[in-house]
Amino acid sequence: MYTASTAATTNNTTADANTSTTTASSSRKREVGHYVVTAHRPASVLLAQRCSFLAPKSTDVVIAKACRLEVRQLATNKQQSSDNMNTDTTTVEDESTFSTILDLPIRGRICTLLSFRPPGAITDYIFFSTERHYYGVLSYNGGVVVTHDTGTLSDSCIGRESECGPMAIVSPDNTVIGIHVYDGHVRFFPIVNAHGKSGGDGGGGGKHYHKG
């Protein structure tokens, strides 16, 4: 009797353990992975440039928001309003709007932003670079965003990145763009013309200058 009872208890314990293992395995099989993303677009402004990107004489502001470029245009509408006390008197009031015209996704977090006008162009171009050292040159023509050049800034550079972060500047006569990413190294992109590329073959062109 003692042996049979012990055997029965052992069998029951083993069966309970097998049931728990099967339940845990089934629970793991039923687990579903979750992909969590934000429903809101970036709102913080990193950089901004005032230029005439959309039209030759328009007042536009290009805003860098993380991985997006937002283009806003200032528009002024004149409205006439009459005085209630004297209907013969009218005043003209300016109502300004600053609406978003373009919202462009960029593959990477933007860290530099410049506007310039190449020789022969009637609107301004945009130069930007990302934290992973890619760059692009954009313009707007006839309702279409045109990509003039793309490339990388790190294809031929091995060294320590600048502690102050990437810095870019355009010459006052709009003939060259300089960008500093690595210590002791500056790269220059000659601005050719309105129909040419800004910096070579799209693979990280430009002239390199090292601090000797």
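**Reading burial, pairing and cores in the model**

User: Where is A66 found?
Analyst: In the loop between β2 (59–65) and β3 (68–82). This is a predicted model.

User: What is the phi of A66?
Analyst: About 55°, a positive value, although A66 is not a glycine. Most residues other than glycine have a negative phi.

User: Where does H133 lie, and what is its phi?
Analyst: H133 lies in the loop between β6 and β7 (134–141). Its phi is near 70°. That is a positive value in a residue other than glycine.

User: How do you know whether H133 is buried or exposed?
Analyst: Its relative accessible area is 6%. The cut-off for buried is under 20%, so H133 is buried.

User: What does the chain consist of as a whole?
Analyst: It has 1 helix and 12 strands. Buried residues make up 33% of the 212 residues.

User: What strand order does the open sheet of 4 strands have?
Analyst: The order is β5-β6-β7-β8, with antiparallel pairing. Its edge strands are β5 (110–116) and β8 (144–152). Neighbouring strands are turned by 20° against each other on average, direction ignored.

User: What makes β5 and β8 edge strands?
Analyst: Each of them pairs on one side only.

User: How do you know that β5 and β6 pair?
Analyst: The two are joined over 6 bridges in the antiparallel sense. Pairing needs at least two bridges, so β5 and strand β6 (residues 125–130) qualify. Within this pair, L113 stands opposite F128 in β6.

User: What makes S115 buried or exposed?
Analyst: S115 lies in strand β5. Its relative accessibility is 15%. Buried means under 20%, so S115 counts as buried.

User: Why is the link between S115 and Q49 called a polar contact?
Analyst: The side chains of S115 and Q49 are joined at 3.1 Å. The limit for a polar contact is 3.5 Å, so this pair falls within it. S115 also touches other residues beyond four places away in sequence, including C51, I126 and V170.

User: How do you know whether Y135 is buried or exposed?
Analyst: Y135 lies in strand β7. Its relative accessible area is 3%. That is under 20%, so Y135 is buried.

User: Which polar contact does the side chain of Y135 make?
Analyst: The side chain of Y135 is joined to that of D149 at 3.3 Å. The limit is 3.5 Å, so the pair counts as a polar contact. Separately, the C-alpha atoms of Y135 and C111 are 9.9 Å apart, across 24 residues of chain.

User: Which residues touch the most other members of the largest nonpolar core?
Analyst: F53, V62, L69, L102, L113 and F128, out of 16 residues. β2, β3, β4 (90–105), β5, β6 and β7 each supply at least two residues. In soluble globular proteins, nonpolar side chains tend to be buried together.

User: What does L102 touch, not counting residues up to four places away in sequence?
Analyst: Its contacts include F53, L69, Y140 and V145. A second, separate core of 15 residues includes F116, Y125, I177 and I191.

User: How do you know that β9 and β10 pair?
Analyst: 4 bridges join strand β9 (residues 167–170) to strand β10 (residues 176–180). Pairing needs at least two bridges, so these strands pair, and they run antiparallel. The bridge partner of V170 is I177 in β10.

User: What is the phi of N174 in the hairpin of β9 and β10?
Analyst: N174 takes a positive phi near 55°. The hairpin has 5 residues between the strands.

Definitions and conventions:
Residues numbered from 1 in each chain as written. Predicted model: local features only at pLDDT ≥ 70, side-chain atom pairs only at ≥ 80, totals over all residues. Heavy atoms only, no water. Buried < 20%, exposed > 50% of the residue type's maximum accessible area, 1.4 Å probe, protein only. Axes fitted to C-alpha atoms, helices over the stretch in contact; angles between N-to-C directions. Polar contact = N/O pair within 3.5 Å; in protein donor to acceptor, adjacent residues only side chain to side chain. Contact = heavy atoms within 4.5 Å. Core = buried A, V, L, I, M, F, W, Y, C linked by side-chain atoms within 4.5 Å.
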